[in-house]
Amino acid sequence: MKQILFSIVFVLLGMKSTIAQIKGDWKGTLDVQGTSIEIIFHVTGSEDALQATMDVPLQGAAGIPVSQVAFEDNTLTLTIDQAGIKYTGTLAENKITGTYSQAGQEFPLVLEKTTVTKPGDTTLVSTKEQIASLIALDAGNYTYSVEDYFAKPKTSGFQLSPNGKYISYREKDDKNKRHVMVKEVATGKVVRAIEEKDELIRGMGWINDERLVYVMDQGGNENYHLYAINLDGSNNIDLTPFEGVQASILNMLKEQKDYIIIQMNKDNKQVFEPYKVNIHTGAMEKLFTNDDPANAIVGYEFDKDGNLRGYAKMLNGVNAQFFYKPQGAKEFELLHTTKWDETFGVVSFNYASENPDEAYVLTNLDSDKTRIVLYDLKAKKVLKEIYANKDYDANLISLSRKRNWEVDFVGYEGEKVVVQPVSQTFKKIYADLDKKFKGYEFAIAGKTDNEDQLLVVVQSDKLYGRYYHYDTKTGKTTLLVDLMPQLKEEDMAEMRPITFKSRDGLTVHGYITLPKEALEGKKVPLIVNPHGGPQGIRDSWGFNPETQLFASRGYATLQVNFRISGGYGKEFLRAGLKQIGRKAMDDVEDGIQYAIEQGWADKDNIAIYGASHGGYAVLRGLTKTPDLYKAGVDYVGVSNIFTLMSSIPEYWKPYKDMLYEIWYDLDNEEEANIAKEVSPLFHIDKIKAPLFVVQGANDPRVKISEADQIVKALREKGVDVPYMVKYDEGHGFGKEENQIEFYKAMMGFFSKHLH
């Protein structure tokens, strides 16, 4: 009996020893068509429940969850269901020799035991306790918590199926996973079509009446895969099962419901090429070859039948060429060559016309502001101006597929969005909706193919949003959901459009969100919030959870659409070229002075916060005018223009010369000197204000090294710099729990430094 017990003990000890051997970090290299791709598996857990994650450093992907882990008879099996990946290998000493399979392809993969560190310098990152102490500073008897503003709505993202029989939406569970649900309108029956697991579903929509498409990347690395799935959750396939590839949808092909047209950089990481994909099988056909990365094709124009009619091509990095193939022609012809910052975009071909070369086009080739025109692409001439505005770019147009492609409405975004109804049908609908939602902005968020049902979203600066179902025949309006019922409109702050003159005479627009104390005549602390981009992006009027959170704590928020912002014409955009950190920053400072002069802002209590280019503006502001700000929050911001340009993703490289025109030409000695002058890292000796730095470890645009270097340099100088890093995020936080922790910490930081 004793002998049997000893045998069992030795067997168990042997098992534990083997389990101990398999736990840890395992690294190997795949050879895929001449490209070496490093793969790292992290195996943890116990003999009862092993877990694992996978990293692909080349793609900036870390912590990809492994669905199933099995280790028996010295054989390790790892499966990642969502990506169709499986690895099976045999352990011998400190090596695992096996096969990696994905999308029907198999590759030999030998893994060796290694020790893996996280991206960046982990010693710089603030501890959980340090962040918690920062969060604790946001103490006060506030009506609303951070969660009230930033917890994702219980249900959101409503979309009508093409036939109107179903409504899809996102529904959040108690673990903050936002699954895709499909509701049958007639019966009310609801099924979970797509389960959100560790990776976020970044977007989804209807392809046809039976099938949905959704988008995911890995840890925020922006290598987006497209997936298709039946509305009951069956036949879930990865349409783009390729590592290190970014895919997106070009056309939904209403006339060919089993296909979509996508683009991806599968064959060359620097350029995107179009493919026609079967949404049931994943079978694909390349439609055109983009074989000149130095002069890459950057846009494709397909018609409703899936025919490639035109394409836009970069020329020498700074010009754009538009090629078009007239009806009946065999070859594409050069239509025109323009500067990259000029607009010529086909919105839709005019299918109501007998002229197959007629199209609705957005253009500013012969004007400062973008106009909507009817254009003959074969004759190369404007047939008719459809809509224009003297002060803003006209960029809104909607056509009715049901009513022979007549124009329903046009419009533009000024201080607010302005919609001009055109068709008699839409005039009636618009008048009815305008009457029902007086004082609010409303927009058509979706419609059925028959256009008998609409989804209408209603918003304002004080209302996050409500979805309504609208019957176009009866005018019946049914509330589907109030997205944030916990936030009462009467408690929210006003977002007020503002206009002022810059120091060199430009008219600059923006917005200020004012807490009730400011409306009562008190000068309040001001948070300046420059937008990202910077080119072609703008801030807009409407509900902003950030500015509302700031207002709830007594802070006003200033958002300036500084020169180079979009929507104000090409001359305003051009006024900001090679002025990032200089005149663009002057505009922000002039906006601050305007807010002070209006009596809203306390000039001794100003902070600056921004993300991406906005994060750069934070660092630049603290070095350019160090006495102006009491604190700054840099969220995934650039600290050094030189390292930004040297570490751009592969698919940005065709745009390098364009980036040099927007920022600075680093190959030109004079401009390189300016870039150094406006790169905050080289001027940290000027920073006086405390700074909070926030970064996603997998960010492919602004690498973690950008944040590390500014944190390290400032701490060596003795500046207070809390540093938050999330290792499952990229360029901005997508996960609810990370967002909430960030905003709580930011509120604590501002509470500490703004009084």
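**Salt bridges and their setting**

The side chains of Glu736 and Lys172 form a salt bridge, with an N to O distance of 3.2 Å. Glu736 belongs to helix H14 (residues 736-753) and Lys172 to strand S11 (residues 166-172), so this pair ties together parts that are 564 residues apart in sequence. Both Glu736 and Lys172 are buried, where buried means under 20% relative accessible area, exposed means over 50%, and partly exposed lies in between (1.4 Å probe, protein chains only). By salt bridge I mean a side-chain nitrogen of Lys or Arg within 4 Å of a carboxyl oxygen of Asp or Glu. Helices (H or I, at least four residues) and strands (E, at least two) are DSSP runs, numbered from the N terminus.

A word on the basis of these values. This is a predicted model, in which local features need pLDDT of at least 70 and side-chain atom pairs count only at pLDDT 80 or more, while totals for chains, interfaces and linings use all residues. Residues are numbered from 1 along each chain as its sequence is written, and side-chain values use heavy atoms, with hydrogens and water left out.

How many salt bridges does the structure hold? There are 50 salt bridges. One of them joins the side chains of Glu38 and Lys27, at 3.9 Å from N to O. That pair links distant parts of the chain, with Glu38 in strand S2 (residues 35-45) and Lys27 in strand S1 (residues 24-32), 11 residues apart. Glu38 is partly exposed, with a relative accessible area of 29%, and Lys27 is partly exposed at 33%.

A further salt bridge brings together the side chains of Arg496 and Glu494, at 3.1 Å from N to O. Arg496 counts as partly exposed at 27% relative accessibility, and Glu494 counts as partly exposed at 25%. Salt bridges that share partners also join Asp341, Glu342, Lys570, Glu571 and Arg574 into one network.

I turn next to helix H13. Helix H13 (residues 704-717) has 14 residues and reaches 20 Å from its first C-alpha to its last, close to the 20 Å expected at 1.5 Å a residue; the expected span is 1.5 Å times one less than the number of residues. Which residues of H13 are buried? They are Ile704, Glu706, Ala707, Asp708, Ile710, Val711, Ala713 and Leu714. These buried residues pack against several elements, among them helix H9 (613-624), helix H10 (641-646) and strand S43 (691-696), with contact meaning heavy atoms within 4.5 Å. Just after H13, Gly718 takes a positive phi of about 95 degrees.

Asn74, in the loop between strand S5 (68-72) and strand S6 (75-80), has phi near 65 degrees. Asn235, in the loop between strand S16 (225-230) and strand S17 (237-238), has a positive phi of about 50 degrees. The peptide bond from Gly533 to Pro534 is cis, with omega near 5 degrees, and Pro534 is placed in the loop between strand S39 (524-528) and helix H6 (545-552).

Finally, the division of the chain. An automatic or database domain assignment supplies the bounds of domain 1 (17-114) and domain 2 (488-754). The C-alpha centres of domain 1 and domain 2 lie 41 Å apart.
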